[in-house]
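Dear colleague,

I am passing on the structure below, together with some notes on what I found when going through it.

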Amino acid sequence: MTNLRRRDVLTGTALVLLEGSVARGAVVAGHLPWEAAPERAAPPPQPGHWVFFTAAEGPMVEALAERMIPPDPHTPGGKDAGCAVFIDRQLAGPYGSNEGWYNRPPFRKGIKQQGPQSPTTPAELYRQGLPALEHYCRAHYGGKGWMDLSAAQQDAVLHGLEDGSAMLEGIDGKTLFEAVLKDVQQGFFADPIYGGNRDMCAWKMIGFPGARYDYRDWVGRHNERYPYPPVSIAGRPDWNPKGG
Amino acid sequence: MALRLPPKDAVIIGLGWTGSILANELTDAGLDVVAIERGPWRSAATDYPPNRAQDELRYRIRHGLFLQPDQTTFTFRNKMAETALPIRNWGAFMPPNGVGGGGVHWNAETWRFLPSDFVLRTHLTQRYGARFLPADMTIQDWGVTYPELEPHFDQFEYLCGTSGTAGNLMGQIQPGGNPFEGPRSRPYPNPAQQQPFSHTLFAAGARKLGYKPFPQPSGNMSQAYTNPLGVRLGPCTYCGFCEWFGCGNYSKASPQTTVLPVLVRKSNFTARDQCEVTRINLDGSGKHATGVTYVDAAGKEWEQPAELVILAAYTIFNVQLLLLSGIGTPYDPVANKGVVGRNFTHQTISDVVSFFDKSKFIFNPFIASGAIGMCIDEFNGDNFDHGPHGFVGGGYMGQVQTNGRPIETTPVPPGTPRWGGQWKQAVRDNYQSTLVPGTGVHGSMYSYRDVYLDLDPTYRDRFGRPLVRITMDFHPNELKQNAFLTDRFAEIFQAMGAQQVEKQYRKAPYDITDYQTTHLCGGAVMGTDPGTSAINRYLQSWDVPNLFIMGASAFPQNAGYNPTGTLAALAYWSAAAIRTRYLKSPGPLMHA
């Protein structure tokens, strides 16, 4: 289908919907006909449909997230919370390319308190770092790749990257580790509209009510647990009609 | 070649707090005014409405409302002998951008500096002797006094609807307020905000130690308010997304919620957004500004002639425009001569994280506002005898519950692994029972001979102009001050019954990646001696009398408070001098 024809079809559909809603009216019962900030709320990300990661990279990052935030009986781990989906979408967007940063040369090595001075973007760091991690695992664990290691072995690799004892080829392992840890934790706690914190699981874990907005009745209620469940920018699943 | 626009009476560079105040005052005086703003127009109702403003990733982590460094940035080094490198992504401070400036995303902590702060060198020399001050400390008096500024502090607080409890009404100390504040002519326009649980505990702990705690003066509304311009603000809902964020609820004082709605209706006011002023133009004498040159969003260059130029950008950008326009003598730290770039300062901030028994304490840290705090002022300025301590300066300290946003605020006890099951459990266990003051110890930074601004020899902005170079490090005086204050602060949390208290002292070297505050000050300071100040006590350029320079760049050194109340009072003070004296007889308001 050409772009032109596709646009015709979309426009036609929109017209039909508009006319339909006018003609039919709406039956509202049992729920508010509610739509959250429609211009912001992205469609719920589908696991496995990677935007930035390759089919090999995505599961590796899921496994990294699962060790950094392991599942427990109350709260899912980093994988099921969607942290890798979050990182995938972030790397495909402005964050992945350091958009908005001062990216002019010369790039010189500075001292720590001068801040990051590398031209390497987060997207490049993951693209180069994940194969280097895979290579490291195969070299040190009898040919087994990252995905084939036990949880204890994966933890050992992560500790090695964190303390600098695990040296990757062509890339600084600690830099990779710090980036992944930061991104995984941000994905865990950010609003679910970004693909992580699925079902607001991280917010439920700590009791953060999210994008609720009015605590005037609660500011004076001291040492009492706030009783209401969290709300995302995109609302709550139970605000939407069944099957909607 | 720049296209020349019809002349205006006044051009204002930057439409933040001071630009908005000056625009309103000068249009009231009948002048035809244009304001030129580098960033976009921002409107509370449409740019950050309450149904999507509460996005920690977008605004706090990805800096959604701030200047982007690719537009312009600075270079940084600690010492003069080092090579400065560019700040590629913001860290220690967050330069604002767009209409409203920092007033869009500030906490709204609305303080008045102490009377002694304005006569600092005189005061400290009289009390302790000149030899008590470090030899390379370049602090000086402001040339303006607290009694002169009092009516203008009052003007700003009533514009904003500041919520607070007066501590000194015309010399009478008031119960529940800050007993150290300068005398105020009338109470705050609104009562203090309601205090969450942790604040009441902090007040009790502070009282137990003999201090006099008081609610932080806040530009978050404790109740609905209509300001003297007729603009209405709504009550704050304690949503916990204030600092770093815009308030779409009209509950935080900002130019958008206090003055712009009136200003934009005036026929003698125009604003141009997404236009960056690149130069203040001078005539052949070099002593008279003819207007400004700016570049619009399409890259087109324009010249805006004007009789009066008001420079009202952020601290460093004020200094940059002076340096690039050849106004004033650039500061030379070796010869100790020149004024533009001199006496540059920041702040000396530290915090204390306190862990309480989770079976007994539920703090609900997300019930918060940007300036909801319980503070003490016993260790600010010269409110205590520095003689035994061997340093000068100080700061307020307080439990200021600004947020429970979980990317930023999920504290775990020292020694907890940074990831894995133990980390996750510690996050779960401590979120509700740990206090992380959004503002902890808010210490002063005094000025030094080797802390300054100049132009970088290597790095340039998108127009090819040199970036400003920051040379800054902490000096022993500030580190001693911070150690002393942080210890006092921690004692209060211990008195509140904390099980574990983690003191996060401020340490050298100064680190450009470690956020303190956005309170950069100095570089074009005010005074009564053109040998040590760029502007006179009315904020008028000594060199170009039809140029007035607003903002914290005028501060000769930084005090132990947030700067907005004071820089806004200075803006009103300067505007009054322009209206009552300068416009009648344009020329220098002071002679050296």
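The secondary structure of chain A consists of 7 helices and 0 strands, where helices are DSSP runs of H or I of at least four residues and strands are runs of E of at least two, numbered from the N terminus. Read from the N terminus, the elements of chain A follow the order α-α-α-α-α-α-α. Please bear in mind that this is a predicted model, in which local features need pLDDT of at least 70 and side-chain atom pairs count only at pLDDT 80 or more, while totals for chains, interfaces and linings use all residues. Residues are numbered from 1 along each chain as its sequence is written, and chains are lettered from A and ligands numbered from 1 in the order in which they are written.

Of the 244 residues of chain A, 37% count as buried (20 or more other C-beta atoms within 10 Å of the residue's own; exposed means 12 or fewer, partly exposed means in between, and C-beta atoms are placed from the backbone). Among the contacts in chain A between residues at least 6 apart in sequence, 59% join residues at least 24 apart, a contact being two residues whose C-beta atoms, placed from the backbone, lie within 7 Å.

On helix packing, helix H5 (residues 151-163) and helix H6 (residues 173-189) of chain A pack at an angle of about 110 degrees, with their axes 7 Å apart; the axes are lines fitted to C-alpha atoms over the stretch in contact, and angles run from 0 to 180 degrees between N-to-C directions. That angle makes H5(A) roughly perpendicular to H6(A) (65 to 115 degrees; under 35 counts as roughly parallel, over 145 as roughly antiparallel, and the rest as oblique). In this contact, A:Leu158, A:Leu161 and A:Glu162 of H5(A) meet A:Gly173, A:Lys174, A:Leu176 and A:Phe177 of H6(A).

Turning to the interface, 47 residues of chain A are in contact with 52 residues of chain B. The elements that give two or more residues to the chain A side are H6 and H7 of chain A, and the largest share, 4 residues, comes from H7(A).

Helix H10 (residues 421-430) of chain B has B:Lys424, B:Val427 and B:Asn430 as its buried residues. They lie on the same side of H10(B), because they cover an arc of only 150 degrees around the axis, the arc being that of the directions from the helix axis to the C-beta atoms. What covers them includes helix H7 (201-206) of chain A, together with strand S16 (348-355) and strand S19 (434-435) of chain B.

Some backbone details also deserve a look. In the loop between H6 and H7 of chain A, A:Asp199 has a positive phi near 60 degrees although it is not glycine, and A:Met200, in the loop between H6 and H7 of chain A, likewise has a positive phi near 60 degrees. A:Asp199 counts as partly exposed because it has 16 C-beta neighbours inside 10 Å, whereas A:Met200, with 21, counts as buried. The peptide bond from A:Pro105 to A:Pro106 is cis, with omega near 0 degrees, and the bond from B:Ala508 to B:Pro509 is cis with omega near -5 degrees.

Best regards
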